[in-house]
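Please keep the sequence at hand while reading.

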Amino acid sequence: TSMVSKHSYTESYLKFNFIKLAEIHLYIFACFLLSELEAQEAPKYRFRKRDKVLFYGRKIMRKVSQSTSSLVGSTSSSRPRLKKKQKMLNIAKKILRFKKEVPTLQMKEPPPSVLEADLTEFDVANSHLPSEVLYMLKNVRVLGHFEKPLFLELCKHMVFLQFQQGEYVFRPGQPDSSIYVVQDGKLELCLTGQDGKDGVVKEVYPGDSVHSLLSILDVITGHQRPYKTVSARAAEVSTVLRLPVDAFLSIFEKYPESLVRVVQIIMVRLQRVTVLALHNYLGLTNELFSHPLSLKTSCLFSVTQEQRERKVTVDEVPSSVYLYPEEESGMENIFSPFQGRPNATLFEEAQKEILKLMKIEDPALLNGRVTFHHAKAGSVLARQGDQDVSLHFVLSGCLHVYQKMIDKQEAVCLFVTQLGEMVGQLAVLTGEPLIFTIKAERDCTYLKISKSNFYEIMREQPSVVLSAAHTVAIRMSPFVRQMDFAIDWMAVEAGRALYRQDDQSDCTYIVLNGRLRSVIQKVNGKKELVGEYGRGDLIGVVEALTRQPRATTVHAVRDTELVKLPEGTLNNIKRRYPQVVTRLIHLLGQKILGNLQQPRGPFSSSALGLPSVASSPDVTNPASNLSTVAVLPVCDEVPISAFNLELSHALSAIGPTLLLTSDIIRERLGASALDIIHEYRLSGWLAQQEDINRIVLYQTDSSMTPWTQRCIRQADCILIVGLGDQEPALGELEQMLENTAVRALKQLVLLHREDGPGPSRTVEWLNMRSWCSGHLHLKCPRRVFSRRSPSKLREVYEKVFEKIADRHSDFSRLARVLTGNSIALVLGGGGARGCSHVGVIKAMEEAGIPIDIVGGTSIGSFIGALYAEERSAVRVKQRAREWSKAMNSVFKTVLDLTYPITSMFSGSAFNTSISKVFEDKQIEDLWLPYFNVTTDITASAMRVHKDGSLWRYVRASMTLSGYLPPLCDPKDGNLLMDGGYINNLPADIARNMGTKTVIAIDVGSQDETDLCNYGDSLSGWWLLWKRINPWAEKVKVPDMAEIQSRLAYVSCVRQLELVKKSAYCEYIRPPIDRFKTMDFGKFDEIYDVGYQHGKLVFTEWARGDIIENVLKDHRSADYNDSKKTDSCTCPSADFTDLAEIVSRIEPVQTEESDYATEYEEDGMDIVREEECEEEEEEETEDPEDQSPGEWGPNGIFTSVSVHTQPFI
């Protein structure tokens, strides 16, 4: 019984335990299911045990550190104990890897003011002014910014007209003497063709107008004409405002100073809008000018470098004399009887003829202002692009006028200036560069009136501009007059949209001045910046030609003037001149090629934003084509005056530069020039400065004055200048800037002393501020930080400007960034073969090629980061050699082996080797802008890194699959691998950041292509036998690792081929194929191969024109040729003179007129220049010692090209 009871007890006990175990298992299973459900609902991050130990260890260490620091300063008996504690703390810190936490860059989105346009284009409903007044103000603005009294005087002459559908507003034969502005409805502007049918070239909507500035000029000059082929009719019931041009005549009688301004604006529009738009963009030449004489043979000739100084043969030179139609009856031919008379008699008679032609009332005005010249056959009197131009009045012979054809080394004869005719008036009146070349094909005598002398005559008798302008107007062809009706000159206020995404494409725009921004709205509603447009850029041509809806929204960053070319007008031109189609196809091809070669990335990836396929600026470049830059100091300690002078010196090596301050404006335009009542005059003058200078620098005041507000409003880009060794706090002026809606891009510039520490805490500077498009570090010469009075500072920089700017200086780098001429160095991946990068960089330094941006992949990212930090090939070589020796250590490599689930090595040793090189350096703290590329295997995408921990992203870019584990991105935890798998030579990334030229060095392995054809199947045993048998023929068949490698690099190879074929990239490949990926022990040998190859390549570049093209400005390449005679050699004939005449505001107590005061200053300029010329003749100076700048008579500093004229 006892045995039975024991057995039953054991059985029951086992059953009980079994039930308990089942319950436990069910409970564990339920807990597991519950945890799974919770994990699905709210995912939790998992931490490794060692990470938890490190976390809590560091937490304890902080408390221990605080308690230890609190004991400092206690009794002397406790000091040995404190030392022991400190030693233990140091040991614990090393074990726990206790390091100071580095702040990370806070990613910020651009503010709404950068990406969004105002809701209303022209707010009529909410304005306190009537719509007719607003519309008239908008359209009369093209004739100049009239002050309120003048505009109100014009409004008195407005007449309201009502038209029914189909009714004509005007027809051919009616007098052309009015400006028509549509208030309601719609008008159609028509041109009558040769077949007598009317073709619509333009639709006029409310707020727009129908007028021709040439017709207005005819009325003003007293030569009113009727409409010939132009008519306008109402497309629907319309209300139209009519403003007779005669109203302007009464204005000119009351306000004679406005006459010169209106005539100049008409001439500027004629040259810049009508003529240059038709010539530069549509390729028209002699179609723009009237041809009273028909040439039997073509005047086309080829212009080569050798022929430019020779006589150009023309088959037949016209001999008949062309007389102006208005003067034909009363003008007698005085030239034939005087062929044999002395020059004095001929000179006298010719002066009389000039008096009659220009309607000069006082003959004494010509005294000393007209010179007699004789030109031999083949001599060139003036070249296309010259700034210092004159009036030429032909006495005998004739002058041929040629214009270079677009995209061709040929010129075409526009017209011939015969006896009694004048040429050069257009450039003198506008102050713009000459748009054609004047050449004497046979011996010729002529009278010459310089620009400065003409301005002096105009000061005495302003009406001479009417006569000169009329001689220009009658030279224009009927086609130009028709286009003057159809082509609009429009102004867009800051923040207004030019057009919006998905709008109908019905016209093309050309930017005259100002700046526009292109923004695209994605499907998810997010807006991204596509690019920006500046002066001379073409907008919307692709959509207009392909008739597609607008792809983006384009709005004005600041007040902008544009040319509007309607679709109907373009079609009319294409029908009349079929050659225009070829030009349009060329423009369209350039745009499409640009889209293929430059992938458009979001603005957030363009950081610096710095342009161009062939010759056209690249619109993906946010900071390309800048015209104005405002410089704003963070605090009073910033040496802003010295900074601006230093930057002006660097910019002058690229093109003409003007530095403006509030003091300069007051000295130049009068003490009250900045008052709000003179807003329009100042705006006009500043716009004209932008036209003639490559860049205008605006130096703000130290507080938010009206001038500071003007600088911010006028700027394409704002430089916020701070001191790198100071605390990264917001300045008072900068705080005010943060509170205003600024549309211009902002760049942070940090200044560092020459002998001071390197950049640091850049992340804190950026985090303290709102969104910035980029940042730059500048190492400044000692003279920038030396405290000097303004006069002493001027003396110092007078000597500085006698020397050419160092292209390797940081200020020259900033100048290239601002002008879109940056040079990028991109280094490819290739393992130990990348040691040759250092040798090529050394050769680049010896060749004098500057480097502005550095980027790379894999080993290229490592060498590039070293150079961005050191900026010295010698130091890069030293540090790279030390690292290569460490990489060659077999012992460290073996110790890092691990169980090969993810990789063969743990990556700890490799991480240590990289972190020892760069320590805790952040990418933001490098001297040069830097980027590298990795492959994100989590998101299956390419990642471009421009900020963050330097060693981590360099290590990530060098992570070879199978050897090293992927690096976890500290920002988002994504796994990063070697960038070579997706883009081994990221020249396209550098291009997208805004560089003009990319020098790309490729060291990637070359795959063998002569592989064995083994048939349809392959036996591994057969391959093994081929390899182990010494007598068998070797076969080339890739193994599994090589196949995987080739598959990984497929996309990279395609990208490399695109880069090699691109126009912006200079591709270099050193002969390093014999070296293997892990040959780091052969550093010196590989370095020498790169150095010798680099010397060979750059020597060839120097012999050709590659280095010259790399350093040449993409926009102002013609400035250096066209502006050889500028304000330094002829200050009184500066383009700004005529602008200043009409823009200067004199104090109230002064009784003299605006003209008198300005021309007295011009006279002083001439005296000063003559004195300077006498001093220069006495001194013997080196002819190569040329100055890129000039101090003006009023303390104004003007920089011009270093190739133009000597310093005065």
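The model is predicted, so local features need pLDDT of at least 70 and side-chain atom pairs count only at pLDDT 80 or more, while totals for chains, interfaces and linings use all residues. Residues are numbered from 1 along each chain as its sequence is written, and side-chain values use heavy atoms, with hydrogens and water left out.

**Salt bridges**

A search of the whole structure finds 38 salt bridges. The term means a side-chain nitrogen of Lys or Arg within 4 Å of a carboxyl oxygen of Asp or Glu. Three of these pairs are listed here.

| Pair | N to O distance |
|---|---|
| Arg475 and Glu421 | 2.7 Å |
| Arg879 and Glu870 | 2.5 Å |
| Asp1084 and Arg881 | 3.0 Å |

Arg475 and Glu421 form a salt bridge at 2.7 Å. Arg475 sits in the loop between helix H13 (464-473) and helix H14 (478-486), and Glu421 in the loop between strand S14 (410-417) and strand S15 (422-423), so the pair ties together parts that are 54 residues apart in sequence. Helices (H or I, at least four residues) and strands (E, at least two) are DSSP runs, numbered from the N terminus. Both Arg475 and Glu421 are buried. Buried means under 20% relative accessible area, exposed means over 50%, and partly exposed is in between (1.4 Å probe, protein chains only).

The side chains of Asp1084 and Arg881 meet in a salt bridge at 3.0 Å. Asp1084 belongs to helix H37 (residues 1083-1103) and Arg881 to helix H29 (residues 873-887), so this pair links parts that are 203 residues apart in sequence. Asp1084 is partly exposed at 44% relative accessibility, and Arg881 is partly exposed at 25%. A network of salt bridges with shared partners joins Glu869, Glu870, Arg875 and Arg879.

**Glu543**

Glu543 lies in helix H15 (residues 541-546). Glu543 is buried but has no salt bridge, and the nearest side chain of opposite charge, Arg550, is 4.1 Å away. For charge, Lys and Arg count as positive and Asp and Glu as negative; His and the chain ends are not counted. The side chain of Glu543 does reach the backbone nitrogen of Ala551, at 3.3 Å. Contacts of Glu543 (heavy atoms within 4.5 Å) beyond its neighbours within four places in sequence are with Tyr499, Ser505, Gln548, Pro549, Arg550 and Ala551.

**The sheet**

Four strands form an open, antiparallel sheet in the order S1-S8-S3-S6. Strand S1 (159-163) and strand S6 (209-210) are the edge strands, each pairing on one side only. Two strands pair if DSSP finds at least two bridges between them. Strand S3 (residues 178-184) is joined to S6 by two bridges, and Val181 has Ser209 as its bridge partner in S6. Six bridges join S3 to strand S8 (residues 238-244), with Val182 partnered by Val240 in S8. Six of the seven residues of S3 are buried, so S3 is largely enclosed by the rest of the structure.

Key: Polar contact = N/O pair within 3.5 Å; in protein donor to acceptor, adjacent residues only side chain to side chain.
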